[in-house]
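I opened the file to look up the interface, the cores, a few backbone angles and the salt bridges. These are my notes.

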Amino acid sequence: MELKKLKKCSEYQWMAEPYGKMRVPVRFYGDRRLIEEMDEKVLEQASNVTMLPGIVGACHVMPDAHWGYGFPIGGVAAFDPDKGGIISAGGVGFDISCGVRTITTGLAAEEIQGRKGDIASLLARKIPAGVGSMGKLSLSPGQMDDMLTAGARWAVEQGYGHKEDLDHIEEHGAIAGAKPKCVSDHAKIRQKKQVGTLGSGNHYLEIQRVSEVFNEKIAQTYGLVKGQIVITIHCGSRGLGHQIGTDFLKRMVISAPKYNLEIPDRELACAPIDSSVGRDYLGAMRCGMNCALANRQVLTHLLRQAFSELFPRAELKLLYDVSHNTCKEETHRINGKPRRLFVHRKGATRAFGPGYEKLPPEYKDAGQPVIIGGTMGTASYILAGTKESMDIALGSACHGAGRSMSRRAATKKWRGADVMHSLAARGIIIKSPSLRGIAEEAPEAYKDVTAVVEATHQAKLSQKVAKLTPIVCIKG
Amino acid sequence: MAEIEGVSSWEHFPHRADMGIRGTGPSLHAAFEQTALAMTAVITSLDTVEAGQKVDIACSAPDDELLLVDWLNALLYEMDTRRMLFSRFEVRIEGGDLTGSAWGEPVDVEKHTPAVEVKAATYTELAVVCEDGGWMAQCIVDV
């Protein structure tokens with residue numbers, strides 16, 4: 001990206017002024033290098049987003065942004081339903097509510113060091129992952145609708161996890177307003193045997209060590225202790241989410257002329273929030289969100305079972321669960337006035353600051369945990385939402401490292417076996433059904449997550465709390 | 001209908017986070033078949049998939065580009081729900097209606113070592129064009 005196209009607002013904030021059909025500016029967050037390294041398509045896609053009706057403030061671009069489809073990955077944009085604002089299936093994506101949760105264990109890294117191989121093998125057997133995998137559950141139509149309505153809460157009621165887990169999930173484990181009748185039979189059939197599966201690609205279950213603490217007070221609130229083991233799960237709404245995205249993208253493209261919508265890019269297919277298509281999509285998308293929350297809850301149950309076999313002393317507690325492909329109805333102060341907005345976060349994480357009323361009491365002073373997934377060879381980070389973030393980018397932060405090269409380029413550059421061996425030499429065990437998959441996920445194919453997190457911290461989108469380094473990574 | 005002669009082929013093209021798939025051929029339906037092969041090749045090597053079991057597909061859309069996406073997403077639905085991979089395709093297109101078949105076998109992780117799951121065909125870089133007497137069909141797939 002040519003920086004001369006942008007106006008510098010501060011060390012970590014840049015802006016593309018609106019021109020032509022752009023209604024609002026594009027705001028970039030990051031250091032000079034991260035923004036220079038972003039591909040030109042990010043500016044093009046973010047500019048397209050600003051042309052959509054009812055957009056409020058800006059299209060915000062996170063430090064890890066890259067070329068997506070329609071919306072850039074790492075894009076945040078809010079729309080006002082009272083100003084003809086739209087909701088976009090492309091602005092949420094196919095993996096609705098893809099997200100991450102981190103679980104503390106109370107175990108010291110030394111306690112698992114000698115049994116790393118055993119726990120890796122056990123998890124590879126117990127966690128359904130990858131193409132063709134089936135979950136341990138097969139849902140009837142009635143159970144499916146219950147799960148889509150009540151998400152992680154449904155999972156806990158079925159015996160997968162504890163009630164206390166729900167306090168540490170966005171929306172308390174289930175988003176209101178989910179409408180199973182807006183979800184196609186195709187989507188439900190796809191999900192029937194996929195509840196509690198990990199998926200593949202950049203999804204993972206990773207055992208990590210808290211290697212650095214930046215903010216002792218918040219780390220203590222979150223239960224993070226240097227040298228201890230945590231586990232992070234990254235996955236989404238599986239076949240159901242993919243099908244909802246597919247179904248509604250088509251529906252929105254076809255209905256756009258009816259609503260006089262001029263869509264600069266078909267993948268930005270959208271509909272007015274206040275329309276039958278918009279309302280149906282909201283109802284279905286919320287089902288997708290609950291599906292992802294239920295999915296991660298069931299996976300946590302399987303994880304707890306596996307851990308108790310080898311480490312009966314461990315107490316696996318959910319630190320927090322965040323989603324990064326969503327559209328949420330939120331109230332934000334814009335020019336001093338509260339406004340009801342629909343906030344799309346595509347490859348971006350909600351990062352609400354201290355005092356947010358829906359945070360569990362124990363997290364109210366610290367702010368909402370923000371989990372940033374890195375690569376299997378680098379690091380992940382825990383951050384906390386800040387008060388400033390609410391006024392900067394609608395309480396949003398980045399979601400991960402973001403890719404710096406295509407999958408194709410990665411397989412040309414690296415062999416999966418070499419990646420595995422080099423990680424093994426550093427004490428990191430990878431379990432994956434495919435060597436090509438490992439090559440595609442090579443750590444060097446991603447941006448520098450430490451730089452992304454540092455920029456996020458400096459831009460005050462969130463503040464650093466702790467760094468987690470990988471020990472075992474289960475991939476699908 | 002006589003078969004139109006010409007060379008058909010598929011390839012992948014780059015996209016930062018996902019994968020571009022492209023099929024070319026002497027006819028529209030050949031290009032669609034090749035794009036489907038390119039999609040399977042995102043997941044696994046085509047030569048590991050035996051084309052034993054047949055599945056029929058039908059879909060329709062208002063234009064060729066939307067029809068390509070529908071065809072690919074219909075295949076993904078069958079792959080996901082039947083837990084199968086496909087390595088041979090036949091497509092017939094009349095107006096906006098597509099009828100086709102896919103041949104393949106159940107997923108065998110050891111045999112196919114699938115690299116990644118395809119979530120959906122997208123409208124990004126979507127194109128179906130007739131040029132130089134041949135057809136090209138492409139899009140990005142979300143993985």
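The entries below follow that order, and I kept in mind that this is a predicted model.

**Interface**

I began with the contacts between the two chains: 45 residues of chain A are in contact with 41 residues of chain B. I then looked up the area buried between chain A and chain B, which is about 3800 Å². Carbon and sulfur atoms give 56% of that area. On the chain A side, A:Trp67, A:Val131 and A:Arg266 supply 18% of the area buried against chain B, more than any other three residues.

Next I checked the polar side of the interface. The rule finds seven salt bridges across it, and 15 residue pairs in polar contact, both residues at pLDDT 80 or more. I noted one salt bridge in particular, between the side chains of A:Lys41 and B:Glu125, at 3.9 Å from N to O.

Which elements of chain A each supply at least two residues of the side that touches chain B? I found β4 (55–69), α7 (185–191), α9 (238–255), α12 (407–413) and α14 (435–440). The largest share, nine residues, comes from α9(A). Sorted by class, this side of chain A has eleven nonpolar, 20 polar and 14 charged residues.

**Cores**

I looked up the largest nonpolar core and found 118 residues in it. Those with the most contacts inside this core are A:Phe28, B:Phe32, B:Trp71 and B:Val141. A second, separate core has 64 residues, among them A:Tyr29, A:Leu224, A:Ala384 and A:Cys473.

I also looked at A:Leu318, in strand β11 (residues 317–323) of chain A. A:Leu318 counts as buried because its relative accessibility is 6%, and the cut-off for buried is under 20%. A:Leu166 lies 152 residues from A:Leu318 in sequence, yet the two are 8.9 Å apart in space, C-alpha to C-alpha. Beyond four places in sequence, A:Leu318 touches residues including A:Arg101, A:Ile103, A:His168 and A:Arg304.

**Positive phi**

Most residues other than glycine have a negative phi, so I noted two exceptions. A:Leu394 has a phi near 55 degrees and is found in the loop between α11 (387–392) and β17 (396–397) of chain A. B:Thr113 has a phi near 30 degrees and is found in the loop between α3 (109–112) and β6 (120–121) of chain B. Are they buried or exposed? A:Leu394 is buried at 6% relative accessibility, whereas B:Thr113 is partly exposed at 36%.

**Salt bridges**

Over all chains the count comes to 47 salt bridges. I picked out two within chain A.

A:Glu329 pairs with A:Arg286, the closest N and O atoms being 3.3 Å apart. A:Glu329 is partly exposed at 39%, while A:Arg286 is buried at 12%.

A:Lys464 pairs with A:Glu454, with the closest N and O atoms 2.7 Å apart. Here strand β19 (residues 462–474) is linked to helix α15 (residues 449–458). A:Lys464 is buried at 16%, and A:Glu454 is partly exposed at 27%.

Last, I noted one network of salt bridges that share partners, joining A:Arg403, A:Arg407, A:Arg436, A:Glu440, A:Glu441 and A:Lys475.

Definitions and conventions: Residues are numbered from 1 along each chain as its sequence is written. Chains are lettered from A and ligands numbered from 1 in the order in which they are written. This is a predicted model: local features need pLDDT of at least 70, side-chain atom pairs count only at pLDDT 80 or more; totals for chains, interfaces and linings use all residues. Side-chain values use heavy atoms; hydrogens and water are left out. Contact means heavy atoms within 4.5 Å. Buried area is the accessible area (1.4 Å probe) that two parts lose on being put together, summed over both. A salt bridge is a side-chain nitrogen of Lys or Arg within 4 Å of a carboxyl oxygen of Asp or Glu. A polar contact is a pair of N or O atoms within 3.5 Å; within protein, one must be able to donate a hydrogen and the other to accept it, and residues adjacent in sequence count only if both atoms are side-chain atoms. Helices (H or I, at least four residues) and strands (E, at least two) are DSSP runs, numbered from the N terminus. Ala, Val, Leu, Ile, Met, Phe, Trp, Tyr, Cys and Pro count as nonpolar, Asp, Glu, Lys and Arg as charged, and the others, Gly among them, as polar. A nonpolar core is a set of buried Ala, Val, Leu, Ile, Met, Phe, Trp, Tyr and Cys residues joined through side-chain atoms within 4.5 Å. Buried means under 20% relative accessible area, exposed over 50%, partly exposed in between (1.4 Å probe, protein chains only).
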